[in-house]
Amino acid sequence: MEMPEPDRSVIARRREIAAALRDIVPGEGVITSEDELKAFECDGLMAYRQLPMIVVLPSTTEQVAAVLRYCHGAGVKVVPRGAGTGLSGGALPLADGVLLGLGKFNRILDIDFDNRCVVAQPGVTNLGITNAVAHAGFYYAPDPSSQIACTIGGNVAENSGGVHCLKYGLTANNVLGVELALMNGEIVRLGGKHLDAEGYDLLGVVTGSEGLLGVITEVTVRILKKPETARALLLGFPTNESASDCVAAVIAAGIIPGGMEMMDRPAIHAAEAFVKAGYPLDVEALLIVELDGPEVEVDLLIERVRAIAADKGAVTCRTSTSEAERLSFWAGRKAAFPAVGRISPDYMCMDGTIPRKQLARVLQRTTELSTKHGLRVANVFHAGDGNLHPLILFDANKPGELESAEAFGVDILRLCVEVGGVLTGEHGVGVEKRDLMPVMFDEDDLKQQQRLKCAFDPDALLNPGKVFPILHRCAELGRLHVRGGQTPFPDLPRF
Amino acid sequence: MATVFRPRDAGEALEAVRWALAGTHALDVAGAGTKRGLGRPINGEYALDLSGLAGITLYEPEELVLSAQAGTPMAAIEAALVARHQMLAFEPPDLGPLLGQPANAGTIGGTLACNLAGPRRIKSGAARDHFLGVAAISGRAERFKSGGRVVKNVTGYDLCKLLAGSYGTLGVMTDVTVKVLPRPEKTRTVLLLGLDDATAVKALAAALNSPHEVSGAAHLPPAAARRSAVSYVSGAGRAVTAIRLEGPGPSVAYRCEKLRAELAVFGAVEELHSHNSTALWRELRDVARLVGESNRAVWRLSVPPMAGPGLVAALGRVLDVAAFYDWGGGLIWLAVAGAADGGAAAIRGALGDGHATLMRADPAVRAVVLVFQPQLPALAALSRRVKENFDPRGILNPGRMAAGV
């Protein structure tokens, strides 16, 4: 993975750029000392590190707009950053770029129960929104596993998911509006407390745009009343195939669970060793199926899922009878990543999505790839929506293992696309999957995506080097190649 | 009369766009054309009719996914889904009759291009929330695709969302993939009678703020209620406020009982079952019957739900209006009589957070009034730049949404 060559002439102007930024954000909001820059050198994808040229931490929308306007005029690249928990390197700094941190935007601006929404600054954490409304029985539905730390602005930039998005949707389905500062310093508002766009759905494309289209300075999200009850089933299966069949059969029966998670044997053993959740160790695959809603509905659906599981050959079937038991079922799943971290010096978390019916086939092929690359793998999935998180185990201190792990990851993602799936379900492309984009998209697809960026950021100054493997200049992308001009299909009737 | 190109496949559609690009000919892009009366008139010399691109190409109920060519009739998709007890959860309205066109004649491409959604919007989202993948032709006469066929995907920009609601101005969609969901086993509707608008919207908020998973929340003032074909509603002789619950039978029965008790403070509570319930929500979804006389201009206002009644009351003081509410008060269908501009100046002047779209009016009115909500300069300029980057010569439905777009 290579980043664009840093512009020496910009780096040479570092002192002058820092001074200009200090005029906009006075005091300690501009960081230039190497010690302090170090805290920003990577995000959750820690294999890649780069010291930013300068860090700026504005505290008002006007400051953000002024920083962008200045950088736009001065030809300086900008990388926006929330909490830096992203797993695809979307907030990886640039040696010749300003890192724009939104950490000071940490206030909730409006809690509006009547209109069922919360207006927050982008640096408020995901869980912070739920905490702010929990006293009235409300919550914010998308729940990425980093929800204690990740910010709502980052969630919008990455279109984050979580365990509950099968039933309640991704970030995109739960955001009502944003305020966005463009690279030229203009501020636009997209959406609000009402539904749907009045023109083009720019909110829809800004969500998940990985910081390449604008800097989010305010977010409006919808909130939901908490379901009356939630209960979970813990189902063990003798084969991955039978567990996958069970997942498909639950959906085919018209049931959309609040969450439906799957773990394979290595993941079960690692999790059980770590948190002693009481998982069965004699099964190949474990499913956690959670139903939420009124008690009468939950009880009914639990029985239906139990019958489907039995039909598909489940050898373990436990139903939570208390909140403590439900949480214990989840404890192992939620601790799966650190649990795997205990049995391997390093691991790499992948994130593809596949059509559900391909689960067993993809698992089989992943096992074969594991042998080929000589590295172990543990699998956890959001099985309900086909989102895989294979964890590749390796030791970065052993020469060549990081490279093998990366090659293994690439093989898995290619496999996902081959069976009709996609490169990333919720972690984003960033730098991690950037060079794999041509596996899924042809050149015209990628060029049209970049033309959207040209409308927002024609000089490609905002977060360059992410998402797109080849950076085309907007002037080149705008050139028209007009061919032909014959009347189309003259043999057809025209009226 | 425009010259109509009716391609039989995506390749022929590409040829047509390539030809139009070479000569800078504007194309009036449409599926069945049932919503041609929505938006600014184009008056193009050439039309691109996509109804020949028809057919479901993939339907996997257990994967909750369906792919079809863009010109596939909604009726065909609906029939396939019903057979497997599934649905498009955004409850696409059939606006044909509202716009003076036949009922049940639209296409999936047209539905997505207008990003319409029915009463279930508040629970399940709009068309854009169910639009998983697309293949399209840009105004540069280049094919491009976005998204995929899985429900969870963040690979690249989500151009499906951009094309949803773009009214054919950014690309000619040829193939689409949508998410489908199980059809609810049972439906019941709780009714409150005789509430004024402001009280009704408070009652709807109470229902929506409960944990009972309300999937429809509408209010019909007396005049609108009288127009209903559901005799229980039209015969009530007063305003009717409706709240829909869906799901497994025992769950619906339980939630209905709870909700009736919780809403008892708002007065008499009734229930509609099965057939009557379905009929009422179809009327609310399709609008035409409830909105009244066909010579009125019809507006669709999307506002913060609690702001709805105040806005309608304010407009009632300066215009001859009839209204009804959906989406818990957040969607207002407003029929205006006797205003030369269809009421545009008054409506846009009174509107706070939100937007107003002129859904039905004479072409002469639509040619001079801004059909879609005007945008502030920075946003309008951004929208124009998006258009230029997809359709630099302005050959795809030019001006349909606004001048230059």
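Modeller: Start with the salt bridge: a side-chain nitrogen of Lys or Arg within 4 Å of a carboxyl oxygen of Asp or Glu. A:Lys167, A:Asp292, B:Lys123 and B:Glu213 are linked in a network of such bridges. Bear in mind that this is a predicted model, where local features need pLDDT of at least 70, side-chain atom pairs count only at pLDDT 80 or more, and totals for chains, interfaces and linings use all residues. Residues are numbered from 1 along each chain as its sequence is written, chains are lettered from A and ligands numbered from 1 in the order in which they are written, and side-chain values use heavy atoms, with hydrogens and water left out.

Colleague: What makes A:Arg304 and B:Glu185 a salt bridge?

Modeller: Their side chains come to 2.7 Å, N to O, and the cut-off is within 4 Å, so the pair counts. Across the interface of chains A and B the rule finds 9 salt bridges, and over all chains the count is 50.

Colleague: Why is A:Asp299 called partly exposed?

Modeller: Because its relative accessibility is 31%, and buried means under 20% relative accessible area, exposed over 50%, partly exposed in between (1.4 Å probe, protein chains only). A:Arg231, at 22%, is partly exposed too. The side chains of A:Asp299 and A:Arg231 meet in a salt bridge at 2.6 Å, N to O.

Colleague: And B:Arg296, buried or exposed?

Modeller: B:Arg296 has 11% relative accessibility, so it counts as buried. The salt-bridge partner of B:Arg296 is B:Glu293, with the closest N and O atoms 3.1 Å apart. B:Glu293, at 44%, is partly exposed.

Colleague: How do you know which residues of chain A are in contact with chain B?

Modeller: Contact means heavy atoms within 4.5 Å. By that test 105 residues of chain A are in contact with 94 of chain B. The area buried between the two chains is about 8,400 Å², with 57% from carbon and sulfur atoms; buried area is the accessible area (1.4 Å probe) that two parts lose on being put together, summed over both.

Colleague: What makes a set of residues a nonpolar core?

Modeller: The members are buried Ala, Val, Leu, Ile, Met, Phe, Trp, Tyr and Cys residues joined through side-chain atoms within 4.5 Å. The largest one has 204 residues, and A:Phe456 and B:Trp299 have the most contacts inside it. Apart from that core lies another, of 27 residues, including A:Ala18 and A:Val30.
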